[in-house]
Amino acid sequence: MSGRLFPDPGLLLRIEQMSVAAKKRIRGTMQGKRRSRMLGSSMEFADYRMYTPGDDTRQLDWNVYGRTGKAFIKQFMDEQELQVHLYVDVSRSMDFGGTDSHPDHSKFLYARRLAACVGYITLAGYDRVGVKLFGEDMIGQLPVMRGKGSASRLFAFLEQAEVELSGNMKGALMKPSALPRLPGSTWIFSDFLYESGIEETLSYFLAARQEVVVVQVLSPEEVRPDLMGDLRLIDSETGEAKEVAVSRRVLEEYRKTVDRYTRGLQRFCRERGMAYVLAVTDVPVDVTVRRAFRDAGLLF
Amino acid sequence: MHFQWLNGLWFGLTLPAIVLLYLLKRQYIDTEIPSHLLWNRVLRNLEANRPWQKLRNQLLLILQLAAAALLVFALLQPFSWSPKGESGHTVYVLDRSASMEAGTGSGEGTNSALEEAKRRIAERIQAKSPGSLVTLLLMGTEPEVPVAREASADRVLEALKAVTPSYGKTAYKETMSLAAALTQDDPDGEIRVYTDGRWTDPAAGLTYSVPVHREDVGNPDAGNVSVMQFGVKAPDSSSGTMSAVAVLRNWGGTAREVEVTLAAGSQAGPSRQVTIPAGNQRSLYWDGLPLSDYYRIQAVDPEDTYPADNRAYAFPEGDRPRKALLLSEGNLFLEKALRLANIEITKMAVQPGTAPLTAESKPDLIVVDSVSPSLLQTKEWKALLDSLPVWYIHSGVEGEDEEGGRDYRITEHPVTRYISFQDTHIAKRTKVGSVPWGKPVISDGTSPLILAGEENGRPRLLFTFDLHQSDLPLRSEFPILVQNAVDWLGSAQGASLGRVTAGSRKELAVSPQTVSAEWVAVDSPGSSPVSLPAEKKDKAVSGSQTVPDRPGLYQFVEKAEKGQGEIRRYLEAAADPGESDFARRPELVFPGAQEGTGEEGVSSEEPADRHAGESPYSWLPWVLLLAAVVILAEWGVFRRGNSI
């Protein structure tokens, strides 16, 4: 367990009881805690049906048989595990927000922490989790794991992740190999500061029968920039410079633009049944996980 | 080049300000941000909503600077002294009234104000541009225009040089009126009045269509002492001496000590020192003066720079018994009355064929009492009657005798002085319509009783009634009437023509024998004696003569044919007494067009004397035009949107 990723190990304890919500009955490959659409061998009663030869007699409801003389088979819900895929943006634009005074405000670190939390919750809930890092391309992935014992692998993987020079969400994610093979929950941790391809990519994931959770990680400097004066703004990824005389009016316009942008993304997600969470890095990870995610119905 | 408003130069600071804005390079602080995505959107929004755009090129800067510089330049209201334009017309009004003779400094020997004015005008004329026109208008007894709309400076200077003071009554208003009329249709005209400001007539009520500049010359504080009156008379006929009285006035503001010298003819007389308080006058008396044809008084005050009124002349009245030729059948009352009037009578009854008296005993006047006109038709009689004052009593005119009315109307005349004709009864009188030479002085309502006038410069008096047909000789007024009549008839024959304003016209009795006449200066201060030929009319010496225009003592010398004697009469030409009042300085207002400089037309002192003959030429319209062109060019560059 990494002290860098989780300076407060108590957080893991606090979130251990949580679980990743799935809107639909999921269908996994292995036994899990998730209700499946299949009928199976869980403790949860589902229905009765007439006995047909070949049925497992252990499933006969003898009480009913005693009262009515007819053989009924008790059917139970099947429980399967949920596959959760975490996509973490490692493009250079994510490497912002951290200052010497507030190293925690780094978007990259914050995104990884959120991913670690969600991953830990998933593992703790006997679900399977996989992690993928994407920049210009898919640059690294942690295969699907299950069990709390895998948490350390998850943490180590996230901790070793490094920032890429540039990013291209569409190019990295819109590939068959990047998609989860089974239906499940897909969490994308990114700042979503891409000129194009966001909406296509998200639709692509929807089409892959994923419940998509969009977590937009922005630093407070991006939401409420503390800039003033004549500045040459250099794009961290392209290196292009832009001279801007920042005034109060420009800042006001910038705030409106940020608001418009996040709302636009949020609206897009809502329209397609995707979950959207705006995570600003000055909010403690703990709060984001336990409040924002919970309020959004993503964790319970 | 000159500037009217140099303070506008402060606006020139906008030029370095503009340059500074262009010089200042923006210092951009490199700031790395995650992505340009949001900033691009911000800037796109801002750009779309901004009403202006960034200036892109240096040409715009240069044009801007040029426009700003031109506007600042225009604010300075630049002008240059340029020679007056072709149409520039200056009317120089030169006051040459007698008071301009006064010196500009204190004491005699300094330049007179007139000379100073001439010098100043000459300076301007010399500096004038070749194309500008000059009119010289002289203020004299009547306005004179020696040069009108003259472009040649030499001719103007020549005319200016010939200007002399005018001692007559100056026609101030007429001159200014003429100046206004001369510049009526001259939008570029200008009137410049050079005067000492001592106008007897403020010339108010005139308006001028051009600016009027007044230049004061002379010393405004100059004092003046003048001889106001001077006369002599014989206290009694036997003493053989004369007494004189003079009135001197000090017009100045300080008391003056004046040395007064009186001379009898060319013989110097007594001199005395008198002090005259400021603004007061003083009378001086002399007795026991020797007999002379004329007397001269001279007041000498070293402080007095106006000499024209410092001397005066007086002529003794001819008190010697006058001789009269009485042509009468006999008239006791008339003879007595004539004797009472100190007339030596030579009585003569006119018969047909009677010849007049010879020249040696030529009478001073002829009294024709009830003599038939036909008896006096001979050549000799006519010559005699034409050469002398004649008093016709019930003769001289043809007409029916008839009864007259008693509604006497008496006209003001020297003959009717002290006469009322009250209760006087006139039984019959000749009905006379009018006579070519005279006007009625007393009439009875329908016809004149007494007519007076001049024929060929000789006084004529006509009583239309016979004295025997009236109770007039019994009245106490009769001797007075006779005295008046002979005084009036004899006045023109006197030894002097009196005191007359210089340059004015004077009616003179010219002898019929006179073939030529001239004015001879006897005593004229400041000029050598000269003689001026008298005016002639129809080849004969005119009975109306213009008095010499310089103050002084003159003789009117009439010469008969072939040296048959001459008549000499004294006349004093005096300066207009109105000019002596140096304390009077009426406010002169010339409501003229205002000049663009804001200088009032009335203002007197001309500060920029060194720019004489030049007019300010404003550059403003040209600068503004150029600025407009630059701004238009700027607009073109702005529209084209890129730099060259």
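The following exercises, each with a worked solution, concern a predicted model.

Residues are numbered from 1 along each chain as its sequence is written, while chains are lettered from A and ligands numbered from 1 in the order in which they are written. Local features need pLDDT of at least 70 and side-chain atom pairs count only at pLDDT 80 or more, whereas totals for chains, interfaces and linings use all residues, and side-chain values use heavy atoms, with hydrogens and water left out.

**Exercise 1. Describe chain B as a whole.**

Begin with the elements: chain B has 10 helices and 35 strands, where helices (H or I, at least four residues) and strands (E, at least two) are DSSP runs numbered from the N terminus. Next, consider burial, which is defined as under 20% relative accessible area (1.4 Å probe, protein chains only); of the 644 residues in chain B, 47% are buried. Finally, turn to contacts, meaning heavy atoms within 4.5 Å: among those in chain B between residues at least 6 apart in sequence, 70% join residues at least 24 apart.

**Exercise 2. Work out the strand order of one open sheet in chain B and identify its edges.**

The order of this sheet of 3 strands is 9-10-13, with antiparallel pairing; two strands pair if DSSP finds at least two bridges between them. Strand 9 (225–233) and strand 13 (281–289) of chain B each have a single partner strand, so they stand at the edges and one side of each is left without a neighbour in the sheet. As a further step, look at strand 9 and strand 10 (residues 242–250) of chain B, which pair over 8 bridges; Val225(B), for instance, has Asn250(B) in strand 10 as its bridge partner.

**Exercise 3. Find which side of helix 6 of chain B is buried, and what covers it.**

First list the buried residues of helix 6 (residues 172–182) of chain B, which are Tyr172(B), Thr175(B), Met176(B), Ala179(B) and Ala180(B). Because they cover an arc of only 140° around the axis, they lie on the same side of helix 6 of chain B, the arc being that of the directions from the helix axis to the C-beta atoms. In general, an α-helix has 3.6 residues a turn, so residues three or four places apart point the same way. The cover over the buried residues of helix 6 of chain B includes strand 4 (89–95), strand 5 (133–139) and strand 7 (189–195) of chain B.

Terms used:
Buried means under 20% relative accessible area, exposed over 50%, partly exposed in between (1.4 Å probe, protein chains only).
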